[in-house]
Amino acid sequence: VAPLVTEDFANTAATGTANYPAGGTGTSSVALATFTIRFDAPTGNYVVSTAGRSQTFRPADLVASLSTGEANIYERTTGSTTDSLSVSKNSVASGTLAAPQYRYVGGGVWQRTVQSTSGISGTADAYAYGVTTPVAAVPRTGSADYAVQLRGVVAYGDGLLASRGSGTLSANFATG
């Protein structure tokens with residue numbers, strides 16, 4: 001249920017890039033990304049990387065005051081660069097569509113912000129990851145509804161805004 005072994009997780013990710021010059025209008029872009037999220041069991045570290053950037057988030061980087069029942073928030077600051085990582089928490093409590101159970105999947109956002117005298121620039125990597133289900137274990141009959149959550153960042157001309165939501169994914173296994 002919890003990530004107890006060292007593992008690189010299969011994932012899907014997108015990188016958003018934004019630049020906000022001091023006193024000017026910002027620019028932003030987004031694209032699918034090759035992203036790596038790794039849990040290192042001996043240290044308890046999460047290591048994330050993409051497009052020539054990487055960061056290690058240690059248990060000591062956990063910010064309890066920002067973490068919620070849904071996600072742990074880690075933060076590291078070096079000079080004018082701040083990296084933060086949200087990682088959805090595993091849940092095995094009985095759930096409803098309003099309270100999803102994360103046992104084999106998770107998601108989050110890795111955000112890097114660089115402040116300078118000329119403005120603020122940064123990236124936000126939104127990702128969904130998990131343990132791949134073997135093809136033979138995927139149901140071929142019946143259907144199911146799964147609670148889903150959205151976490152991300154929206155870029156506007158004057159700044160970034162966190163984005164979140166929830167919904168339902170309905171799967172009909174017989175028809176694919």
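1. The charged end of R53 sits over the ring of W110, at 4.9 Å from the ring centre. The criterion for a charge over a ring is NZ of Lys or CZ of Arg within 6 Å of the ring centre and within 35 degrees of the ring normal.

2. On the basis of these values: this is a predicted model, in which local features need pLDDT of at least 70 and side-chain atom pairs count only at pLDDT 80 or more, while totals for chains, interfaces and linings use all residues. Residues are numbered from 1 along each chain as its sequence is written, and side-chain values use heavy atoms, with hydrogens and water left out.

3. W110 is also part of an aromatic cluster, together with F9, F35, Y127 and Y129. Rings of Phe, Tyr and Trp (its six-membered ring) pair if their centres lie within 6.5 Å; planes under 30 degrees apart count as stacked, over 60 as edge-to-face and the rest as tilted. By a search of the whole structure, there are six aromatic pairs. One of them is stacked: F35 with Y127, 5.1 Å centre to centre and 15° between the planes. Because F35 lies in the loop between β3 and β4 and Y127 in strand β10 (residues 119-130), this pair ties together parts that are 92 residues apart in sequence. Y127 also pairs with Y129, in a tilted arrangement with 5.8 Å between centres and 35° between planes.

4. Are F35, Y127 and Y129 buried or exposed? Buried means under 20% relative accessible area, exposed over 50%, partly exposed in between (1.4 Å probe, protein chains only). F35 has a relative accessibility of 6%, so it counts as buried. Y127 is buried at 4%, and Y129 is buried at 9%.

5. Strands here are DSSP runs of E with at least two residues, numbered from the N terminus. Two strands pair if DSSP finds at least two bridges between them. An open sheet is formed by four strands in the order β1-β4-β5-β6, with antiparallel pairing. Its edge strands are β1 and β6 (53-57), each pairing on one side only.

6. Within that sheet, β1 (residues 7-8) pairs with β4 over two bridges in the antiparallel sense, and D8 has R38 of β4 as its bridge partner. On to β5 (residues 45-50), β4 has five bridges, again antiparallel. Opposite I37 stands V48 of β5, and opposite T36 stands S49 of β5. The two strands β4 and β5 form a hairpin with four residues between them, and G44 in the turn has a positive phi of about 80°.

7. L32 lies in strand β3 (residues 27-33). With a relative accessibility of 78%, L32 counts as exposed. Leaving aside neighbours within four places in sequence, L32 is in contact (heavy atoms within 4.5 Å) with A13 and A14. The C-alpha atoms of L32 and A13 are 6.0 Å apart, while the two residues are 19 apart in sequence.
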